[in-house]
Amino acid sequence: MRFLIDRDLSGQPLSDEVQPENIGRRQFIRGTGALLGVGLGAGLLGHSSAWAQQPGGELLVSNWGGDWNNNVINALEQPELESKGIKILRDLAAAPARKTKILAERNLPRGSVDVAHFTDADAFELNQQGVLEELDYSKIPNASHLLPGVQKPYFIPFYISGVVLIYNKNKIKTPPTSFADLMNPEYAGKVGLIDQIYFNYFLAMGLLNGGSMSNAEPALEKLRQLKKAVQPRIYPSHQQAAAAMASEEIWITANYNARAAQWKAEGLPVEAAYPKEGAIGFEGGVCMPKRARNKDNAYRYLNAMLLPSVAQKIAKATYYAVPIDNAALPPEMAAIDFTPEQRSRINRVDLGYTAKNQAAWLDWWNKEIKV
């Protein structure tokens, strides 16, 4: 039986434009409901002898749909798992709906989801609810190549990036150096901000006024100053911002470095500029629910996800950097990653602080900046 969901819980088709960072870091949609159990687990993963056995059985993967899911299939799931005998079942939907399923199954003897793709913020929220497995890293030997600072007890990153400045090099001859450049009066009417990542602007602008990843209160004054100085254009998604950059409706924005690399590859005359305050970090990856049926195959999935060959494919397809030190990306892909020095200055988001304040930030953003 092939289990495939290509619509969200409202019955709406999943967009081909779905990207993980578009939906992450939102408040939980709390609800009930559960999937029917799928397949029988192969039992708990044993020691090294279990890895010597021929893979088989099933694995239910919870993920976003659209092009993102296709990239994951091509880079990871088909070559590293399905081709070796593991039957992958897929639950595709927006993050809030998939979080609701995992929460609803917390009291069942066995749940339906074995591994789930989420942003770091989504995974943090689920872990706070006590529904994620504490990972046994001895069963994920490839995790020894994870970059410093990205390993979490309940979550393994698959792709990483950071919010930087992106500008039209034909219109802005002197590269920007700070998030403060978004307030440059010379760019009035030419600054674009994106609704989907509004929370990053609180963190970035707060750094200009004595704030930190655990204190975005100073951002309010700076965001008001930005609005007064340049009257930024607000776009609902990355795609609309890209179109505005292409038409020269805007000249500068703050967005993920992955978007700068993607837009440049698509022919836009853009460059990324690393702000002196440091980029605002972003991680997307995979976690395992406590009620997973097929934990042996789930560990196989997590380990395969960190293979250099998989990292190379996902980086090439998505323009995200990868969280391992042995990926050996080709020189022409250097633009998707940060230098070691830049990496050392990434501002890692305080996920607990962000989760507590996100709803209030969104309300303030809608009332003070979008209007």
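Me: What makes phenylalanine 202 count as buried or exposed?

Reply: This is a predicted model. Phenylalanine 202 has a relative accessible area of 0%. Buried means under 20%, so phenylalanine 202 is buried.

Me: Why is the pair of phenylalanine 202 and tryptophan 365 called tilted?

Reply: Their ring planes stand at 50°. Stacked needs under 30 degrees, edge-to-face needs over 60, and the rest count as tilted. So this pair is tilted. The ring centres are 6.5 Å apart.

Me: What does that pair tie together?

Reply: Phenylalanine 202 lies in helix α6 and tryptophan 365 in helix α13, so the pair ties together parts 163 residues apart in sequence. Ring pairs also link a cluster, with Phe202, Trp365, Tyr198 and Trp361 among its members.

Me: How many aromatic pairs are there?

Reply: The count comes to 16 aromatic pairs. One of them joins tyrosine 159 and phenylalanine 282. Their planes are at 45°, so this pair is tilted too. Tyrosine 159 lies in strand β4 and phenylalanine 282 in strand β9, so parts 123 residues apart in sequence are tied together.

Me: How do you know whether phenylalanine 282 is buried or exposed?

Reply: Its relative accessibility is 2%. The cut-off for buried is under 20%, so phenylalanine 282 counts as buried.

Me: What makes arginine 98 a charge over the ring of tryptophan 64?

Reply: Arginine 98 lies over the face of tryptophan 64, at 4.9 Å from the ring centre. The distance limit is within 6 Å.

How values were computed. Residues numbered from 1 in each chain as written. Predicted model: local features only at pLDDT ≥ 70, side-chain atom pairs only at ≥ 80, totals over all residues. Heavy atoms only, no water. Phe/Tyr/Trp six-rings, centres within 6.5 Å; stacked < 30°, edge-to-face > 60°. Helix = DSSP H or I, 4+ residues; strand = E, 2+ residues; numbered from the N terminus. Buried < 20%, exposed > 50% of the residue type's maximum accessible area, 1.4 Å probe, protein only. Lys NZ or Arg CZ within 6 Å of the ring centre and 35° of its normal.
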